[in-house]
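Reader: I'd like to go through a few labels on this one and hear what backs each of them up. Can you show me the structure?

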Amino acid sequence: LRFLVSMFDADELNRGVTERPQQRTELARWIPYLVLHAGCLGVLWVGWSWTAVAVAAGLYAIRMFAITAFYHRYFSHRTFRTSRVAQFVFAVLGNSAAQRGPIWWASLHRQHHAHSDEEDDAHSPVQHGFYWAHIGWLTARDNLAINPRYVPDLLRYPELRFLDRFDTLVPMILAALLLGVGALLGYAAPDLGVTGPQLLVWGFFISTTVCLHATCCINSLAHVLGSRRYETRDASRNNWLLALLTFGEGWHNNHHRYPAAARQGFYWWELDLSYYGLKLLEALGLIWDLKGVPARVLASDRAVVPSGEAP
């Protein structure tokens, strides 16, 4: 019963928070991920169309940008400033990726930086192996709740608490919209070859699943595969392929050297699409005070991160 309630009201999860996450999966927590992946198999029945593929790619791009630029660089690290209205819009866009609410996401990520690749890191491949770091940690009871110690700045916004409490609402609305728009296109523009179920499978299930695994690859692969420009206290690495897939998140060793920067590709040849998107939003006046990379950091290749440097 608690599991069923938590699917629609995440406040049920915010009980019994422990400071040290336990690496123990709960089988019931696999159900949403199994449903998400099983939905991708619907492509065998609904087929494909260029419109459906384009919608899936577009939603992947929008939501990956929302996860990297907003959930990660804004809510987790506060690398720029914005208005309260824009903050809520950014949170809704990130929530549409079905990676839970912005406060929960930031809480676990700030904990990750506080204990990166240590025993208390919820998703360290160094400590817990690839499977756990990639997706297993998402099913552990102790990782499902918000730890208020890490996010007091975000908990003071009731609209963000609402999104976190009902974190399946926005993804369900998106799925319903795709189903409805697909049915409408099938009726109004039959030459497109689109149906409601087809747009639901491609635009929601496939796009969301790919976005989830691309994000999870930063937790698992970006601490195992790649190069290390900086001798940080963890095993973070730079990986150009992951940077392409995640719009800049693959410059992970850079990020762990100086998490306060809005830019993770520190040099012009390190493609960071999320940063370019943020620069555009800055030019439009929607965000401001983008934090850059200090010269002392750029000049400190192979330097050990000073103890106590703020994440």
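Predicted model: local features only at pLDDT ≥ 70, side-chain atom pairs only at ≥ 80, totals over all residues.

Reader: What is the 36 Å reach of helix H4 set against?

Author: Helix H4 covers residues 50-76, and its 27 residues span 36 Å from first C-alpha to last, close to the 39 Å expected at 1.5 Å a residue. Just after H4, arginine 78 has a positive phi of about 55°.

Reader: How do you know that cysteine 211 is in no disulfide?

Author: A search of the whole structure turns up zero disulfides. For cysteine 211, the nearest cysteine sulfur belongs to cysteine 216 and is 9.5 Å away.

Reader: What makes up the nonpolar surface patch?

Author: Trp240, Leu241, Leu244, Leu245, Leu271, Leu273 and Tyr276 make it, with an area of about 660 Å². Helix H13 (240-245) and helix H15 (273-283) each give two or more residues, and H13 gives the most, with four.

Reader: Why is leucine 244 called partly exposed?

Author: Leucine 244, in helix H13, has 42% relative accessibility; that lies between the 20% and 50% cut-offs, so it counts as partly exposed.

Methods:
Residues numbered from 1 in each chain as written. Heavy atoms only, no water. Disulfide = S-S within 2.5 Å. Patch = residues over 30% accessible without salt bridge, like charges linked within 9 Å, V, L, I, M, F, W, Y side chains within 5 Å. Areas by Shrake-Rupley, 256 points an atom, 1.4 Å probe, with all protein chains shown as cover. Salt bridge = Lys/Arg side-chain N within 4 Å of Asp/Glu carboxyl O. Buried < 20%, exposed > 50% of the residue type's maximum accessible area, 1.4 Å probe, protein only. Expected span 1.5 Å × (residues − 1).
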